[in-house]
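Reader: Hey, I'm new to this one. Can you walk me through it?

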Amino acid sequence: MRLIGRLTEAMRLLACLILVAVAVHIVTVLLVPTLSRADPFSSVSRLGPELRLIPLEPGSTPVDGMEDPDIAASICSFDLSSGPVKLTLPVSADGFSSIALHQEGGGAFFALSNSAAEKGRLEVVALTPGQSVERAAEDDEDNPSGEVRAVSTRTRGFAVFRSLALLPSQRQAAVSVVAGGSCQHVE
């Protein structure tokens, strides 16, 4: 009887330890995003001031650690509380170019590629829902603005400008494309 009693006590202790370990693990996993300072927006905001286009070295993109080395990229953080932000990128005639918009604390909320380019460039205006309503009210029904608008649920975010070098010899051209991008507040 004593052996069974000790065995039962040992099993209870083991079960309690396992439950505590599982609970600690679950709580830790749930708190990591909150406690982490290495989220993409934080990484981008440490690279430089808002509305400044910052070129990225291949493989150093804070958004995607597995970025293709044949893609030239630059990044620009923004704060929509000061007003809408216009993002512009020239496109290369023979390659891929894109602008991806990301919001703080979340993933990408809008992306545009060279297939949507007009007059040799991509343009998108990032704004909050309130700013979107204001801009829509200013539009003329007979002559709409035609601008592409991306509505973010958060006020802070960043844009990633990318251009693909189809051949190694085109790498510098791809770098020049993303260097020609711009981030600026609009009225």
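Predicted model: local features only at pLDDT ≥ 70, side-chain atom pairs only at ≥ 80, totals over all residues.

Reader: Okay, how many helices and strands are in the protein?

Author: The protein has 4 helices and 9 strands. Going along the sequence, the pattern reads α-α-β-β-β-β-β-β-α-β-β-α-β.

Reader: And what share of the residues counts as buried?

Author: Of its 187 residues, 32% are counted as buried. The protein exposes about 11500 Å², and 59% of that comes from carbon and sulfur atoms.

Reader: What about contacts between residues at least 6 apart in sequence, what share joins residues at least 24 apart?

Author: That share is 68%.

Reader: Switching topic: how many disulfides turn up in the whole structure?

Author: The search finds 1. Cysteine 76 and cysteine 183 form it, with their sulfur atoms 2.1 Å apart. The pair ties together distant parts of the chain, 107 residues apart: cysteine 76 sits in strand S2 (residues 71-79) and cysteine 183 in strand S9 (residues 182-185).

Reader: Remind me, what kind of bond is a disulfide?

Author: A covalent one, between the sulfur atoms of two cysteines.

Reader: Is cysteine 76 buried or exposed? And how about cysteine 183, buried or exposed?

Author: Cysteine 76 has a relative accessible area of 0%, so it counts as buried, the cut-off being under 20%. Cysteine 183 is buried as well, at 8%. Cysteine 16, on the other hand, is partly exposed, with a relative accessible area of 46%.

Reader: Back to the strands. What does S3 pair with over 6 bridges?

Author: Strand S3 (residues 85-90) pairs with strand S6 (residues 121-127), in the antiparallel sense. In that pairing, leucine 89 has leucine 122 of S6 as its bridge partner.

Reader: And how many bridges join S3 to S9?

Author: There are 4, and those two strands run antiparallel. Leucine 87 stands opposite cysteine 183 in S9.

Reader: Nice link. Now pockets: what volume does the largest pocket have?

Author: About 270 Å³.

Reader: Which residues line the largest pocket?

Author: Its lining includes Lys86, Leu112, Ala116, Glu118 and Lys119.

Conventions: Residues numbered from 1 in each chain as written. Heavy atoms only, no water. Buried < 20%, exposed > 50% of the residue type's maximum accessible area, 1.4 Å probe, protein only. Contact = heavy atoms within 4.5 Å. Areas by Shrake-Rupley, 256 points an atom, 1.4 Å probe, with all protein chains shown as cover. Disulfide = S-S within 2.5 Å. Pairing = 2+ DSSP bridges. 1 Å grid on protein atoms, 1.4 Å probe; cavity = no way out; pocket = protein on both sides within 12 Å on 5 of 7 lines; lining within 4 Å. Points joined across faces, edges and corners; volume = space filled by probe spheres on them.
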